[in-house]
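Please look at the structure shown below and work through the exercises that follow, reading each solution step by step.

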Amino acid sequence: ISCALIDDGTVRCWGANESGEVGDGTTGPSSFPVPVAGIAGATAVATGWFHACALIDDGTVRCWGRNAEGQLGDGTTTSSATPVTVTGITGAVGIAAGERHTCAVIDDGSVACWGANASGQLGDGTTDDRPVPVPVAVIDLHGAVAVAAGYGQSCAVIDDGTVRCWGGSWAGQLGDGTTTSSRVPVTVSDLSDATAVSAGYQHTCALVRDGTVRCWGWNRFGMLGDGSTTLASAAVAVPGVEGATGIAAGGWHTCALLGDGTARCWGANRSEEHTSELQSRGLISYAGFCLKKK
């Protein structure tokens with residue numbers, strides 16, 4: 001599933017649609033963008049595995065698609081082919097959709113998450129094989145300015161430039177120098193001045209204020225970009241990437257948007273998603289992750 005935010009505040013989606021994740025009220029695949037029903041005033045959109053969510057300008061969040069793990073956040077586990085409102089979320093300023101969970105940054109600097117929690121990716125100090133269909137607060141997290149959600153991990157950029165992550169970490173994707181999972185946030189090692197973070201399947205990457213990129217976690221296909229295929233449990237620098245203005249981690253690959261409008265990508269290339277440079281016309285999309293050029 002891929003989605004685009006339109007400048008009139010609507011959202012359009014396309015792709016697989018077996019659970020209604022295109023959001024137009026149908027469950028048939030769409031090979032071209034279709035308007036998501038009832039969405040107006042959207043300021044951001046995020047796509048997960050089989051669900052998507054939009055941040056609305058009134059601080060609410062609306063989600064649609066598969067809901068078996070409660071990732072739509074409406075208090076049920078019933079999938080919906082049209083958007084439903086996430087229960088109890090007000091003042092949201094950021095949104096991220098993972099494989100089967102979703103997180104939102106609130107305007108007080110806190111983060112709330114909902115959905116699957118088998119790896120502790122909701123960050124409330126628990127692990128639960130049952131769905132968590134309503135938002136729970138991430139423990140001991142303050143000053144968050146951005147959030148990312150991956151397969152079984154979540155991360156937040158803090159206003160002091162650090163990054164804190166929680167959830168599964170068998171490949172070091174929490175970045176704290178260990179491969180130990182955590183149900184509460186831990187601080188990523190060897191990383192400062194971060195401005196954005198993006199979480200993939202089992203790896204995570206951060207954009208640094210100086211325009212460089214640092215990554216950590218699983219690295220079998222080179223998605224950390226450090227020239228090796230060795231996992232890293234702390235942040236490592238991606239050589240050759242300078243002047244980056246955006247970052248997107250896909251399942252097994254990563255892309256950075258550069259200030260000159262080009263993009264650089266690294267990692268798996270099974271579907272020709274790896275290119276050394278790509279001229280951007282304002283929007284680039286990889287595996288459901290979109291970066292809008294400012």
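Contact here means heavy atoms within 4.5 Å. This is a predicted model, in which local features need pLDDT of at least 70 and side-chain atom pairs count only at pLDDT 80 or more, while totals for chains, interfaces and linings use all residues. Residues are numbered from 1 along each chain as its sequence is written, and side-chain values use heavy atoms, with hydrogens and water left out.

**Exercise 1.** Find the place of Thr-87 and list its contacts, leaving aside neighbours within four places in sequence.

Solution. Start with the loop between strand S7 (80–85) and strand S8 (92–97), where Thr-87 has its place; strands are DSSP runs of E with at least two residues, numbered from the N terminus. Then look for contacts beyond those neighbours, which for Thr-87 are Gly-73, Asp-74, Gly-75, Val-134 and Pro-135. Finally, note that Pro-133 is 46 residues from Thr-87 in sequence, yet their C-alpha atoms are 8.8 Å apart in space.

**Exercise 2.** Describe the disulfide that joins Cys-53 to Cys-63.

Solution. A search of the whole structure finds 6 disulfides, a disulfide being a pair of cysteine sulfur atoms within 2.5 Å. In the link of Cys-53 and Cys-63, the S to S distance is 2.1 Å, and with 110° about the S-S bond this link is right-handed. Cys-53 lies in strand S5 (residues 51–56) and Cys-63 in strand S6 (residues 61–65), 10 residues apart. Cys-53 counts as buried at 0% relative accessibility, where buried means under 20% relative accessible area (1.4 Å probe, protein chains only), and Cys-63 is buried with a relative accessible area of 0%.

Technical notes
Helix = DSSP H or I, 4+ residues; strand = E, 2+ residues; numbered from the N terminus. Buried < 20%, exposed > 50% of the residue type's maximum accessible area, 1.4 Å probe, protein only.
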